[in-house]
Amino acid sequence: MEENSRRAKNRHKKRRVWPIIVVILLIIVAGLGVWGYSKVHQTQKAIYQPVDNNQVEQVRRDSAKIEDKDPVSILLLGVDHNSERTEQNSDVMILVTVNPDTKEAKMVSIPRDTPLPGTETKINSAYANNGTSGAINAVQDLLNVPIDYYATVDMEGLIGVVDSLGGVTVDSPLAFSQDGYDFPQGTTEITTGEQALAFVRNRKNDPEGDFGRNRRQRILLLAILDKFSSPTAIMQAGTLFDTVQNYVNTNITGDEMVQLGLHYRLSSDDVETLDLAGQAGTGVSGASLNFVSDEQINNVSQALRENLEINN
């Protein structure tokens with residue numbers, strides 16, 4: 001009885017402290033469109049949720065569009081809708097820019113404790129306070145980069161994605177144990193979704209804390225992208241579509257998904273990861289914050305804007 005209670009408690013804790021499930025969106029980026037036009041549109045009907053443009057700040061005059069094969073940005077938000085928390089913060093925020101002409105992408109993880117400019121309010125609370133438009137505005141304000149598309153993904157989906165793929169191969173930057181799993185340093189085979197959750201969930205056993213966890217989130221993201229690029233990925237297409245429908249909301253239309261699959265295909269070698277590591281500290285209010293220097297923000301902003309071909 002006591003053992004069963006402990007296991008139930010641990011499962012609940014996993015759901016609350018999940019790391020990254022936004023990897024599901026890369027099903028679309030890696031080639032969802034080539035798996036069947038009708039199936040794409042069936043999936044799109046289930047997950048499509050447009051943003052209220054009246055609530056989103058316009059950072060540039062002309063919006064970029066996938067249908068025009070423009071360089072675009074996609075904000076990935078990890079949200080736990082199944083937790084018992086009263087506030088649904090976006091504890092995972094990753095901005096990806098993709099340029100179909102240069103075949104390059106840039107990806108930056110935004111630490112959840114990073115304060116909004118001029119405040120001590122953590123950026124991950126923007127979603128809880130003002131929904132998707134609030135999160136988009138917060139990231140645009142922080143990085144001075146326009147957000148063209150978004151996807152919110154429920155963390156429960158990561159298990160289904162990795163299980164559907166039959167596992168992935170990652171290169172762990174350190175050796176550690178988490179939730180009953182042992183991860184050696186170097187090449188590691190992750191065979192189940194539960195094991196993948198453990199790999200990206202670890203924070204306390206990582207000397208870099210949240211920053212180390214963000215790095216492993218990106219490592220897993222790229223590992224899944226590589227798996228999608230393999231010829232065997234099409235064998236899991238049906239299950240992956242079902243996973244997307246259950247756990248994703250996005251403003252990417254069905255036609256745009258097809259265009260992503262045809263013109264925006266990427267491998268992990270095409271993706272450059274950028275850092276907003278910052279410095280952990282305490283604000284005037286006593287809150288634990290991640291302070292990022294103006295120089296680092298400007299460097300990341302410039303790299304993203306260049307990939308989007310924004311010159312001013």
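Mentor: Happy to! Let's take H4: 14 of its 19 residues are buried, so it is largely enclosed by the rest of the structure. Buried here means under 20% relative accessible area, with exposed over 50% and partly exposed in between (1.4 Å probe, protein chains only). Before going on, note that this is a predicted model, in which local features need pLDDT of at least 70, side-chain atom pairs count only at pLDDT 80 or more, and totals for chains, interfaces and linings use all residues. Residues are numbered from 1 along each chain as its sequence is written, and side-chain values use heavy atoms, leaving out hydrogens and water.

H4 covers residues 125-143 and spans only 17 Å between its end C-alpha atoms, whereas a straight helix of 19 residues would span 27 Å at 1.5 Å a residue. That expected span is 1.5 Å times one less than the number of residues. H4 also has a kink of about 135°, centred on glycine 131; the bend is the angle between axes fitted to the seven residues ending at a residue and the seven starting there. After H4 comes asparagine 144, with a positive phi near 55°.

Now for the setting. The protein chain has 10 helices and 12 strands, taken as DSSP runs (H or I, at least four residues; E, at least two) numbered from the N terminus. Of the chain's 312 residues, 54% count as buried. Among contacts between residues at least 6 apart in sequence, 72% join residues at least 24 apart, a contact being heavy atoms within 4.5 Å.
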